[in-house]
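Please look over the sequence and the model before reading on.

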Amino acid sequence: MTRHLVFSFMFLLSFTSIIFAEDRGTLIFEDDFERNESQETKDEIGKGWGSNSRWRAAGNKQVDLKNGAMYIFMHKDADHAVSVTHPAEFRDGAIELRFMLEDAKDSLGLNFADLKYKKVHAGHLFLAKVNTRNVELTDLKTGNMDLKTRELRKAKKVPPALQELLKTKRKRFPHKLKTGKWYTLLVDVTGDTMTVSIDGKKVGAFSSEGIAHPTKRTLRLSVPKNAVVDDVKIYSRAAKSE
């Protein structure tokens with residue numbers, strides 16, 4: 001009887017996992033970082049990954065593959081947060097990964113971009129940022145990264161009405177994390193809604209028109225200090241017919 005119950009539970013768990021995978025969409029990319037680098041002075045991530053270390057950190061190494069994971073750290077000479085990029089073309093879809101923050105001031109951002117879209121700075125569309133205190137979801141396309149808005153902000157001439165509008169382009173959800181502990185992050189994008197779950201539990205969702213941008217082409221892992229990432233999976237899902 002006990003053996004039968006164990007078998008039934010294992011089958012149910014396997015079946016549930018299959019359903020969840022189907023909900024996320026078709027797996028279009030995955031990386032477990034189980035490989036070695038040929039040197040230790042420059043970024044050598046492989047498998048289609050890129051970084052901004054060459055022009056933002058004078059070529060110094062900011063990404064290290066070790067212990068079967070990707071360690072991202074901002075070099076002392078860098079003038080910008082580390083950006084680790086990979087093609088991720090979908091309309092609706094999801095990003096799943098494991099991550100660890102080793103210091104209370106560390107954070108990890110998943111920045112979705114479309115470099116072919118020229119009405120925003122550097123293709124920025126929207127962002128899911130996780131730190132040890134909260135999760136922040138931001139529409140960049142119709143918010144701070146819109147070119148006209150960005151110019152007004154740089155000139156410090158943002159009119160009151162626009163200031164109020166920009167406040168609606170970001171939502172923060174309190175959520176405490178422990179340092180030195182691995183977590184599983186899932187960011188789901190469906191239509192104009194971005195939903196974030198950590199370790200299988202929903203943390204929050206945010207709806208804004210910029211999230212519905214028809215083509216997300218690039219995933220940027222944005223790290224202003226340090227973060228450790230592993231087991232990245234990118235899913236694409238056909239948009240539901242209206």
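## The surroundings of Leu185

Leaving aside residues up to four places away in sequence, Leu185 touches Ile95, Glu96, Leu97, Phe99, Leu110, Val130, Val196, Ser197 and Ile198. Leu185 itself belongs to strand β11, which covers residues 182-190, and because its relative accessibility is 2%, where buried means under 20%, Leu185 counts as buried.

One of the residues that Leu185 touches is Phe99, and although these two residues are 86 apart along the chain, their C-alpha atoms are separated by 7.2 Å.

## The protein as a whole

The model is predicted, and its mean pLDDT is 92, with 89% of the residues reaching 70 or more. Where pLDDT is low, the predicted coordinates should not be read in detail.

The secondary structure comes to 4 helices and 15 strands, and of the 242 residues in the protein, 45% are buried. Among contacts between residues at least 6 apart in sequence, 67% join residues that are at least 24 apart. The accessible surface of the protein is about 13,500 Å², and 54% of that surface belongs to carbon and sulfur atoms.

## Aromatic rings that pair

A pair of aromatic rings is described by the distance of the centres and the angle of the planes. With ring centres required to lie within 6.5 Å, the count comes to 5 aromatic pairs. One of these pairs is formed by Phe90 and Phe112, whose rings are 6.3 Å apart from centre to centre, with 80° between the planes, an arrangement that is edge-to-face. Phe90 lies in strand β5 (residues 82-90) and Phe112 lies in strand β7 (residues 107-113), so this pair ties together parts that are 22 residues apart in sequence.

Phe90 and Phe112 are both buried. Elsewhere, Phe29, Phe33 and Trp49 form one aromatic cluster.

## Charges over rings

Which residue has its charged end over the ring of Trp182? The residue is Arg98, whose charged end sits 4.4 Å from the centre of that ring. In another case, Lys66 lies over the face of Tyr71, at a distance of 4.6 Å from the ring centre.

Definitions and conventions: Residues are numbered from 1 along each chain as its sequence is written. This is a predicted model: local features need pLDDT of at least 70, side-chain atom pairs count only at pLDDT 80 or more; totals for chains, interfaces and linings use all residues. Side-chain values use heavy atoms; hydrogens and water are left out. Rings of Phe, Tyr and Trp (its six-membered ring) pair if their centres lie within 6.5 Å; planes under 30 degrees apart count as stacked, over 60 as edge-to-face and the rest as tilted. Helices (H or I, at least four residues) and strands (E, at least two) are DSSP runs, numbered from the N terminus. Buried means under 20% relative accessible area, exposed over 50%, partly exposed in between (1.4 Å probe, protein chains only). A charge sits over a ring if NZ of Lys or CZ of Arg is within 6 Å of the ring centre and within 35 degrees of the ring normal. pLDDT is the predictor's confidence in each residue, from 0 to 100. Contact means heavy atoms within 4.5 Å. Accessible areas come from the Shrake-Rupley method with a 1.4 Å probe; for residues, only the protein chains shown count as cover.
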